[in-house]
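Okay, thanks for coming, everyone. Let me put the structure up and we'll walk through it together.

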Amino acid sequence: MNPTSSAGPVAETPAYWSMLELEADSFSRTRATNQPGDWSDAQRVMTLLRPYGPAGVLNLCTLLVLRAVDRCPADLRDVQGRPDLSKIIKGESNALTTIDTASSANARLQRGPVTAGDLTSAEEQVERINDLEAVVAAALRTRAGHPKARRNVRRVLSDQGEGAREATAIFGILSEVMEAVGRGTTHSRT
């Protein structure tokens, strides 16, 4: 979607990317300071991005990945110095945290909640979240200083699809990442 100037900048323009850069910075800061379970920052940014649909969410996620790569503390990195998702988000894969964030994001995008009924079993939910976590982990291996980093991250994030469910689930995973990176600690799911 390309909203009119009264609704926000036209997608993919320099003004649009400037807005997303500001939102990524703001979200990075608030995610690190919010109380556990406070998703007001995620709800606010999803409301702002509603006119841009899933593409806008994935574009914001691209910028969040680049911030995580830049800001990740040393103890949450792998031996090559890249952010390590398994260190950032400890504990067994918990689809509920991601589904909760994704449901909140979907509501702001005026889509239905993500429910167990979306998949045929809880095992499939966990498997899907694991697939999307692998996508985020791959994106975190990007060199942030590379001239084509933004394009490379966006391509990786689109690997499992560019629909609302994928975009909001990736946003949910990155919300946990930004919380852990911002606080300089592991985000425990257990």
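Let's start at S28: if you skip its neighbours within four places in sequence, S28 is in contact with L64, R67, R71 and M178, where contact means heavy atoms within 4.5 Å. S28 sits in helix 1. Buried or exposed, then? S28 counts as buried because its relative accessibility is 7%; buried is under 20% relative accessible area, exposed is over 50%, and partly exposed lies in between, using a 1.4 Å probe and protein chains only.

Quick housekeeping: this is a predicted model, so local features need pLDDT of at least 70 and side-chain atom pairs count only at pLDDT 80 or more, while totals for chains, interfaces and linings use all residues. Numbering runs from 1 along each chain as its sequence is written, and side-chain values use heavy atoms, with hydrogens and water left out.

Zooming out, the protein chain has eight helices and two strands. Those are DSSP runs numbered from the N terminus: helices are H or I with at least four residues, strands are E with at least two. The order from the N terminus is α-α-α-α-β-α-α-α-α-β.

Of the 190 residues, 49% count as buried. And among contacts between residues at least 6 apart in sequence, 74% join residues at least 24 apart.

Now the largest nonpolar core: it has 48 residues, and those with the most contacts inside it are L49, I88, L157, I170 and F171. Such a core is a set of buried Ala, Val, Leu, Ile, Met, Phe, Trp, Tyr and Cys residues joined through side-chain atoms within 4.5 Å.
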